[in-house]
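Subject: Structure handover

Hi,

Here is the structure we talked about. Please look it over first; my notes follow below.

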Amino acid sequence: MRTMTDGKTTEDDGYLTGQLLLAMPSMRDPRFARSVIYMCAHGKEGAIGLVINRLIGALPCSELLEQLEIAVDPAVSSTLPSVHFGGPVETERGFVLHSSDYLQDESMPIDESMALTATVDIIRDIAVGNGPRDVLLALGYAGWGPGQLDGEIQGNAWLSVVPDRMLIFDDDIDGKWDRAMVKIGVDATLLSTQAGRA
């Protein structure tokens, strides 16, 4: 997988950067039950990702922009993205997962088609219709220390799947977990809710 280190793109075999993590039914942490997480970075130093199937229902994007004192072009107001719960770490901080047709100096390329940007400038550009083609706006992120995610995967907490554009960016929030399971040929009804080892 391709990751950024000190501004250079490197190959990290065996890591999950650019893939989706799907919580197994045995997931005990309610913050991650049935969650689908896009992995923005995964390497020896740890991992970060954004939950892509959980919205912050009480916070419309227009209200967030108002709090940031960002004016919205009326022509794009109906196309503003929903605000996602990206994860329990730094929940006051905004992150934009987006297509790589839009890149700033501060953007972190994830792979050839995806990037992550965490600046107010991208929000301003989205508000006036100059942002990326595909956008997922999240507050907070999911983070793991060195080796932590690998241990959780070995403990049967997560499955991984290669994403597609629709799965990441479409509005069918409630169906993403089931659709991702189908994508890897897993019938979720057959998965045990009890963790165990063979």
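A search of the whole structure finds zero disulfides (a disulfide being a pair of cysteine sulfur atoms within 2.5 Å). Cys40 is buried at 3% relative accessibility. Cys61 is buried too, at 7%. Buried means under 20% relative accessible area, with a 1.4 Å probe and protein chains only.

Some ground rules. This is a predicted model: local features need pLDDT of at least 70, side-chain atom pairs count only at pLDDT 80 or more, and totals for chains, interfaces and linings use all residues. Residues are numbered from 1 along each chain as its sequence is written, and side-chain values use heavy atoms, leaving out hydrogens and water.

Next, the cores. A nonpolar core is a set of buried Ala, Val, Leu, Ile, Met, Phe, Trp, Tyr and Cys residues joined through side-chain atoms within 4.5 Å. The largest has 22 residues. Tyr38, Leu50 and Leu97 have the most contacts inside it. Another core, of 15 residues, lies apart from it and includes Val83 and Ile126. Leu50 touches Cys40, Phe95 and Leu116, among others beyond four places in sequence (contact means heavy atoms within 4.5 Å).

Finally, Ser107. Its relative accessible area is 10%, so Ser107 is buried. Leaving aside neighbours within four places in sequence, Ser107 is in contact with His98, Leu116 and Thr117. The Ser107 side chain reaches the backbone nitrogen of Gln104 at 2.8 Å.

Best wishes

Conventions. Buried means under 20% relative accessible area, exposed over 50%, partly exposed in between (1.4 Å probe, protein chains only). A polar contact is a pair of N or O atoms within 3.5 Å; within protein, one must be able to donate a hydrogen and the other to accept it, and residues adjacent in sequence count only if both atoms are side-chain atoms.
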